[in-house]
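Please find below some comments on the structure shown here. They are numbered so that each can be taken up separately.

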Amino acid sequence: MPSEPMPSDTLPGEVGAPGLGLAHDPWIAGAGDSAKGDRGVGPGAVPSPVATSPADMLWGDGLGDVPVLPDVEAGAYAQDPRWPAFVRAWNERVTAAFERLGVVTGLTFAKTGRPRVVLRPFLDETRTHELRAEIRAGLRRAVVHVNAEPLMAGTHDADRVLLRALAEAAFDDASRRQGAVPRWFVRMAASAASGDVAERLLALRRQAETEEGSVLHVDPADVHAAEATGLAALLLLASRGQPQDVRRAVLFVADGDDADRVVARLTRAVNGGWASSARLALGAGLADIDPAPWRLLATAQLTATETGRAGLEALLSDGAPAEVADEIAVLRARTALAEGDAEGARQALAAVAPDAARRLAEPAAAVVLRIELESRAGGDARVARRLAAQLDLDYPRSEARRNVRSQHPMLGMEEDPQRWLGTMHDRVAAEGVAELGLRTIEQY
């Protein structure tokens, strides 16, 4: 039976891909490699997927032990040369995610069977996953749809996305059985499962330093503050309780206990008021992160605008902190290109790390910058075409992608006449011949 939409509280856009045949290229390599740096040992590490035999991939799902395998829908990625390598490891990633979820949080799907996991492009890079449902053998079961685009672009780590999505699916099941579980608690469980506390603290620190008027709000009653509240509660449990208290809290709430009371009891909060203590725990976590790199980045961006390349290089004479090194490298490249130094811009981009997409505020704009450089004299037109194809697939809603397409309407289409004709037809239908402009029509 076809799946039906199910409400999801996934936040949009939660702060290289594996190929296009240029693994050495920092803007094309990454998604397949990005997980390597996040695995390791300790409570915050994501375990490496374990090699399994085909028999091990068959999961009894509690519904007559019918085998369940992850589904893969290539969609627009069907002809993308990066796709096969990424998909080959997908089943192992999903298996490892289910195993870690049980080990770290104790969450299982014993009552309803494990949810079906579907990897597919959403045509919207701002979302990482969504929950749906299907009816099978007369029972309702969650279906976790994972968005391929942010994984292929390298803006999110595949293992962490899977773990957060499965934790949310487990609590959706609990909510249907005994009443809604607060969104902040679901966020807390998702962070515990994925081990992404450090990354989320960094994202909040950056937000506080770069977004004017940004205020951290911890309030269990405010659904809009769910992310910060969940992170604060997790930090409070870790600082006040025993190592196993996070797991105990998750299991208590999954079994039907009230989330507020559970956290208050485990953190020994006076009169049940744990929110103020959690706010202090979050503040302490943020205070441990030096705000200087983000302030330097803001100053560098302003300096580049006002005084150009000379002023920027004078400001950065002592180098750039590791936290913002990739952003600074892209800023240097953009400033050099604005002054006509394409070779200097290429040298600046060479300093960008392969997994930089996860740390850049505007990763699509950085890809566009690389396309501009490769399209100029001294660049590689083949790389420009491959990057343009990647940009179309990985960032379908990006303003940067739309801008580069309007400036270079033929880019990447020389080797695909059918797509060339289809794109021209669509633009004429949408904008009319008069609106396209003579230069654009001549290019086509």
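1. A residue counts as buried when its relative accessible area is under 20% and as exposed when that area is over 50%. Val253 has a relative accessible area of 3% and is therefore buried. This residue is found in helix α9, which covers residues 245-254. Please keep in mind that the model is predicted.

2. On confidence: the protein chain has a mean pLDDT of 80, and 74% of its residues reach 70 or more. The mean is highest in helix α4 (residues 148-153), at 97, and lowest in strand β2 (residues 59-60), at 33. Throughout residues 1-68 the pLDDT is below 50, and the model gives this stretch 173 contacts beyond near neighbours in sequence.

3. Which residues of α9 are buried? Val253 belongs to a set that also holds Asp245, Val246, Ala249, Val250 and Ala254. Just after α9 comes Gly256, with a positive phi of about 115 degrees. Val253 and Val263 are separated by 10 residues in sequence, and their C-alpha atoms lie 9.6 Å apart in space.

4. Phe185 connects several of these residues. Leaving aside neighbours within four places in sequence, Phe185 is in contact with Ala249, Val250 and Val253, as well as with Phe171, Ala259 and Val263. Both Phe185 and Phe171 are listed among the residues with the most contacts inside the largest nonpolar core, together with Trp90, Val146, Trp274 and Leu282. That core has 68 residues, and its largest share, 10 residues, comes from helix α5 (residues 158-178). Another core, of 15 residues, lies apart from it; Ala336, Ala342, Ala345 and Leu360 are among its members.

5. Ala165 lies in helix α5. Its relative accessible area is 0%, so Ala165 is buried. When neighbours within four places in sequence are left aside, the contacts of Ala165 are His129, Leu131 and Val144. Ala165 and Thr128 are 37 residues apart along the chain, with 8.6 Å between their C-alpha atoms.

6. Is Arg120 buried or exposed? The residue lies in strand β5, and its relative accessibility is 14%, so Arg120 counts as buried. Not counting residues up to four places away in sequence, Arg120 touches Glu73 and Glu130, and also Arg132, His145, Val146, Asn147 and Ala148. One of these, Val146, is also named among the residues with the most contacts inside the largest nonpolar core.

7. Most residues other than glycine have a negative phi. Leu123 is not a glycine, yet its phi is positive, at about 60 degrees. The residue lies in the loop between β5 (116-120) and β6 (129-136). With a relative accessible area of 58%, Leu123 is exposed. Arg268, also a residue other than glycine, has a positive phi near 55 degrees. Arg268 is placed in the loop between α10 (259-266) and α11 (275-287), and its relative accessible area of 56% makes it exposed.

8. How do α7 and α11 cross? The axes of helix α7 (residues 197-210) and α11 come within 9 Å and cross at roughly 85 degrees. The two helices are therefore roughly perpendicular to each other. On the α7 side the residues that meet α11 are Leu201, Leu204 and Arg205, and their counterparts in α11 are Leu282, Gly285 and Leu286.

9. From α14, Ala342, Ala345, Arg346 and Leu349 meet Leu369, Arg370 and Leu373 of α15. Ala342 and Ala345 are also among the residues of the 15-residue core.

Terms used:
Residues numbered from 1 in each chain as written. Predicted model: local features only at pLDDT ≥ 70, side-chain atom pairs only at ≥ 80, totals over all residues. Heavy atoms only, no water. pLDDT = per-residue confidence, 0-100. Helix = DSSP H or I, 4+ residues; strand = E, 2+ residues; numbered from the N terminus. Contact = heavy atoms within 4.5 Å. Buried < 20%, exposed > 50% of the residue type's maximum accessible area, 1.4 Å probe, protein only. Core = buried A, V, L, I, M, F, W, Y, C linked by side-chain atoms within 4.5 Å. Axes fitted to C-alpha atoms, helices over the stretch in contact; angles between N-to-C directions. Parallel < 35°, antiparallel > 145°, perpendicular 65-115°, else oblique.
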